[in-house]
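Visitor: Please take one part of this model and go through it closely. I would like the cut-offs stated as you go.

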Amino acid sequence: MEIFVFIEVGSAIGAWSTIALIVLTAVIGLSLVRIQGFQTLMEAQRKVNMGETPAREMLAGMMLAVSGVLLLLPGFVSDLGGVLLLLPPVRAALVERFISRMKVQTHQGQTFTADYHRTDDTDQQARLDQYLKQKRNDEGTTFEGDFQRKDDDK
């Protein structure tokens, strides 16, 4: 299909115009992938800072990577696929579909649950103080001695 579309467009607008169009779509597409990739990365960092899992952003980032590869491949059909993955509503729909399938599969098997507790520096300092106090109260054995450094003569 890719070759057929390439030949049809080439015969309609000319070989050099077709090559220029392929290069132009690659350059514009990759710049859009870069911009949206940074936005996705910033959103993922925001979610991590809030203590949430950035699963949707990770999937969207993978789709952006696939979009970049499709845009780099020479051809109009692959460019169409890359542009479709660049559209946020299409990407969001695909991410939601993938996540809903993951949830269905996890409900069929065993479920793992966990809690995430964020501690601040005062909790960490209190635990450190308690540990150091316990260490000071431990009765240990102290060894005293002298040492000498001896170098081997060769």
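**The first helix and its partners**

Guide: Start at G14, which has a positive phi of about 105° and follows directly on α1. Helices here are DSSP runs of H or I with at least four residues, numbered from the N terminus. The model is predicted, so local features need pLDDT of at least 70 and side-chain atom pairs pLDDT 80 or more, while totals for chains, interfaces and linings use all residues. Numbering starts from 1 along each chain as its sequence is written, and side-chain values use heavy atoms, without hydrogens or water.

Now α1 itself. The helix has 12 residues. From first C-alpha to last it reaches 17 Å. That is close to the expected 16 Å (1.5 Å times one less than the number of residues).

What does α1 pair with? F6 sits in α1, residues 2-13, and F76 sits in α4, residues 76-86. The two form an aromatic pair (ring centres within 6.5 Å; planes under 30 degrees apart are stacked, over 60 edge-to-face, the rest tilted). Their centres are 6.0 Å apart, with 55° between the planes, and the pair is tilted. A search of the whole structure finds one aromatic pair. It links distant parts of the chain, with F6 and F76 lying 70 residues apart.

F76 is buried, at 17% relative accessible area. F6 is partly exposed, at 27%. (Buried is under 20%, exposed over 50%, partly exposed in between, with a 1.4 Å probe and protein chains only.)

Stay with α4. S78 lies in this helix. S78 is buried, with a relative accessible area of 8%. Which residues does S78 touch? Beyond those up to four places away in sequence, S78 contacts E2, L70 and L73 (heavy atoms within 4.5 Å). E2 falls in the range of α1, residues 2-13.

Finally, the core. The largest nonpolar core holds six residues: L59, A60, M63, L85, V95 and I99. (Such a core is a set of buried Ala, Val, Leu, Ile, Met, Phe, Trp, Tyr and Cys residues joined through side-chain atoms within 4.5 Å.) Both α3 (55-72) and α5 (88-108) supply at least two of its residues. The largest share, three residues, comes from α3. M63 touches L85, R91, L94 and V95, leaving out residues up to four places away in sequence. L85 and V95 are among the core residues. In soluble globular proteins, nonpolar side chains tend to be buried together.
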